[in-house]
Amino acid sequence: MQPANTKQLAAERAVTYIQDGMIVGLGTGSTAAYAIKQIGARVAEENLQITAIATSQRSEDLARELNIPIVSFEDIDKIDLTIDGADEVDEQLNLIKGGGGALLREKVVATNSRELIIIVDETKLVKRLGKFPLPVEVVPFALAVVKRQLEQLGCTASLRMQNNEPYVTDNGNYILDCSFGEIQLPAQLHDAIKAITGVVDNGLFIQLAKTVISAYNDGSIQLFT
Ligand code: 5RP
């Protein structure tokens, strides 16, 4: 038997929560891309009437190709529902995000959403966060000093690269991927990192996800709330 496309399964289940008239937040990454494609299919086939705000230029470009109407924060106040992926999810539904480099816009959208649904395959579910290096978005000018202060918190920090150049986010910043190992106190670590001047934000999403939809290789789906 062919293993199920778990990312697609989770994404398609999440898109069933979208109703006419909603303002929808569009996540970033391969799982979120399945959700955007499914939203595009519902817009085309069911004439679903929504507007959307994207967490990255990539996701915005994909949404526009699919004729999903895009708005910005100039046009709207609260987002009704955001669907996004994650790199890790713990048992309290805390997340590590930012593997795709979009953590800042993802957090702006998540914190301005009435509901955040996270879509993952079973490989992302962990007891404790930290196996996946924590992405930290940093102002380029402050890179060296921020790196030293992050390492004093107990990690090894490496500058994310792309094509032999530092990876630059949609906001013009760099990313330090920080290997902490198992994170015992994610909320405290989140606050300690945020307190470093020159850090823009980090990929710890503490108590922001309302629902996590996880799909399994046997084709089953489980909801965590
Ligand atoms: C992007 C993210 C993504 O949601 C996360 O990296 C998961 O990606 P994928 O769905 O491709 O596994 O946080 O910044």
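Visitor: Which of the 18 residues around the ligand come nearest?

Guide: Gly 29, Thr 31, Gly 85, Gly 99 and Gly 100 come nearest. The model is predicted, so local features need pLDDT of at least 70 and side-chain atom pairs count only at pLDDT 80 or more, while totals for chains, interfaces and linings use all residues. Residues are numbered from 1 along each chain as its sequence is written.

Visitor: Why is Gly 99 called buried?

Guide: A residue is buried if 20 or more other C-beta atoms lie within 10 Å of its own, exposed if 12 or fewer, and partly exposed in between, with C-beta atoms placed from the backbone. Gly 99 has 21 other C-beta atoms within 10 Å, and is therefore buried. Its place is in the loop between β5 (95-96) and α4.

Visitor: Which residues does Gly 99 contact, leaving aside its neighbours within four places in sequence?

Guide: Gly 99 is in contact with Gly 29, Asp 87, Phe 132 and Pro 135. Two residues are in contact if their C-beta atoms, placed from the backbone, lie within 7 Å.

Visitor: What makes a set of residues a nonpolar core?

Guide: A nonpolar core is a set of buried Ala, Val, Leu, Ile, Met, Phe, Trp, Tyr and Cys residues joined through C-beta atoms within 7 Å. The largest one here has 61 residues, and Ala 14, Ala 35, Ile 118, Ile 119, Val 136 and Leu 176 touch the most other members. Helix α2 (residues 30-46) gives the most to this core, with 6 residues.

Visitor: Why is this core said to lie between domain 1 and domain 2?

Guide: Domain 1 (6-123 + 206-219) and domain 2 (134-199) both give residues to the core, so it lies between them. The domain bounds come from an automatic or database domain assignment. The centres of domain 1 and domain 2, taken over C-alpha atoms, are separated by 24 Å. Their contact takes 12 residues from domain 1 and 11 residues from domain 2.

Key
Helices (H or I, at least four residues) and strands (E, at least two) are DSSP runs, numbered from the N terminus. A residue is near a molecule or strand if its C-beta atom, placed from the backbone, lies within 6 Å of it.
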